[in-house]
Amino acid sequence: MSTNSSPISVVVHGAAGRVGIEVVRAVSAAPDMTLAAAVDRVPQTDAPALPDGVPYYTDIRHAIEHAVPDVVVDFSVASASLPMLPIVIGAGARPVIGTTGFSDQQVEDIDGLCREHHLGGVLAPNFAIGAVLLGKLAAIAAPYFDYVDIAEEHHEAKIDAPSGTALGLARAIHDAHPERFSRNTPEREPLTGTRGGDFEGITIHSARMPGRMAHHQVTFGGPGQTLTLRHDTIDRQCYMPGVLLAIRKVGGLEGLTVGLDVLMGI
Ligand SMILES: NC(=O)c1ccc[n+]([C@@H]2O[C@H](COP(=O)([O-])OP(=O)(O)OC[C@H]3O[C@@H](n4cnc5c(N)ncnc54)[C@H](O)[C@@H]3O)[C@@H](O)[C@H]2O)c1
C-alpha cells in the first residue's frame with residue numbers, strides 16, 4: 001500500500017456502471033489516491049470519458065499486467081466478480097467489493113483467498129454510511145418496543161422486493177429483539193397483501209415507482225408512542241464516502257471484512 005508520500009493506486013472494475021462511474025469520479029478527485037485504470041466489459045466507446053492518461057481495459061488481466069494496483073474496487077455483477085477476484089488477489093491487490101449477490105460460501109471463499117495471500121479485503125452490502133447507521137440505531141431501539149414496521153421505497157426498475165437492505169434491517173432488529181414482535185392479523189382481509197411481509201413479526205412494505213431511488217423507514221410502536229428512523233438515498237454519490245473509507249482502511253486489514261460498520265468502528 002501507499003505511504004504518506006505515495007497515493008493509493010486504484011483500479012475500478014465495473015467502471016462503466018451506474019455506481020462505477022461515481023467511483024471513477026470520487027477516486028480521481030481524492031488527493032491521496034490515483035486512478036490506475038478503469039475496467040468494464042463494454043467497449044471504451046460506450047464507457048464514460050476518463051481523466052487524461054487513465055487506461056481503459058475490457059479485461060481485468062490486462063489492467064493487472066499493466067500495473068498491479070493497491071486496491072481494486074468492484075461494482076459489477078457477482079458472476080463477473082467471482083473470476084476476477086482470484087486474479088487481482090493473486091497479483092497482490094486488495095479488493096473493495098460493493099457488488100451484491102454472493103452466497104455465504106462464496107463470501108467465505110473470498111475471505112480464504114485474501115488470507116492465503118495475507119491481504120485484506122472489504123465487502124459491504126451497503127456503502128451508504130447513513131444506511132449503516134440506520135441499522136445500528138434500529139438495533140439500539142429494538143429491545144424497547146413490541147411493534148415495528150419497515151417501509152422501503154425504490155425506483156420501478158428494481159428487480160427484488162423487499163430490498164436486501166430492508167431484509168438486513170429486519171435481521172438486525174430481530175437479533176436485538178429475538179422474541180417475535182407483536183403483529184396485528186386482520187379478521188377480514190378484503191384485499192390480500194396489504195399487511196405486507198412478515199419477518200419474525202416485523203412487517204415489511206415495499207413500494208416501487210419512478211421518481212424514487214432508495215428509501216428505508218423503520219417505525220417502532222408501543223403504547224402511546226412511535227419512533228421513526230429514516231434514510232433517503234437520492235444520488236449514488238451517497239456510496240462514495242464509504243467506498244473511499246474502505247480504500248483507505250483496507251491496507252491495514254487481513255482477511256475479508258464484511259460490512260462498513262466494522263470500518264466505522266460502530
Ligand atoms: N454495496 C453497495 O452499497 C451497493 C450500492 C449500489 C449497488 N450495488 C451493487 O453494485 C453492483 C453494480 O451496481 P450498478 O447499479 O452500478 O449496476 P450497473 O449494471 O449499472 O453496472 C454494472 C457494471 O458492471 C459491468 N460488468 C458486467 N459484467 C462485467 C464483466 N464480466 N467484466 C467487467 N465489467 C462487467 C457492466 O458492463 C456494468 O457497467 C450490483 O451488484 C449492485 O447490486 C451495491
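This is a predicted model: local features need pLDDT of at least 70, side-chain atom pairs count only at pLDDT 80 or more; totals for chains, interfaces and linings use all residues.
## Close-up views of the model

A. Residues are numbered from 1 along each chain as its sequence is written. Glu 200 sits in the loop between β8 (197-199) and β9 (202-208), and its phi is near 55 degrees, a positive value in a residue other than glycine. Helices (H or I, at least four residues) and strands (E, at least two) are DSSP runs, numbered from the N terminus.

For His 118, which is not a glycine, phi is about 55 degrees. His 118 belongs to the loop between α4 and β6. With 9 other C-beta atoms within 10 Å, His 118 is exposed.

C. You'll find Pro 162 in the loop between β7 (147-154) and α6 (164-176).

**D. Val 107 and the residues it touches.** Val 107 is part of helix α4 (residues 104-116). Leaving out residues up to four places away in sequence, Val 107 touches Phe 102, Leu 123 and Val 258; contact here means C-beta atoms, placed from the backbone, within 7 Å. Val 107 is partly exposed, with 14 C-beta neighbours inside 10 Å. Val 73 is 34 residues away along the chain, and its C-alpha atom lies 16 Å from that of Val 107.

**E. An open sheet of 7 strands.** The strand order is β3-β2-β1-β4-β5-β6-β12, with parallel pairing. β3 (56-57) and β12 (255-258) are the edge strands with a single partner each, so one side of each has no neighbour in the sheet. Strands pair if DSSP finds at least two bridges between them. Between β6 (residues 120-123) and β12 there are 4 bridges, in the parallel sense. Gly 121 has Leu 256 in β12 as its bridge partner.

The shell around the ligand. There are 24 residues around the ligand, and Gly 14, Gly 17, Val 19, Ser 76 and Ala 80 come nearest. A residue counts as near if its C-beta atom, placed from the backbone, lies within 6 Å. Helix α1 (residues 18-29) gives the largest share of this shell, 3 residues. By type, the shell has 11 nonpolar, 10 polar and 3 charged residues. Ala, Val, Leu, Ile, Met, Phe, Trp, Tyr, Cys and Pro count as nonpolar, Asp, Glu, Lys and Arg as charged, and the others, Gly among them, as polar.

**G. Where domain 1 meets domain 2.** Domain 1 covers 8-123 + 237-264 and domain 2 covers 129-234, with bounds from an automatic or database domain assignment. Here 7 residues of domain 1 are in contact with 5 residues of domain 2. On the domain 1 side, α7 (240-249) and α8 (260-264) each supply at least two of the touching residues, and the largest share, 3 residues, comes from α8. That side of domain 1 divides into 4 nonpolar, 2 polar and 1 charged.

Definitions and conventions: Two residues are in contact if their C-beta atoms, placed from the backbone, lie within 7 Å. A residue is buried if 20 or more other C-beta atoms lie within 10 Å of its own, exposed if 12 or fewer, and partly exposed in between; C-beta atoms are placed from the backbone.
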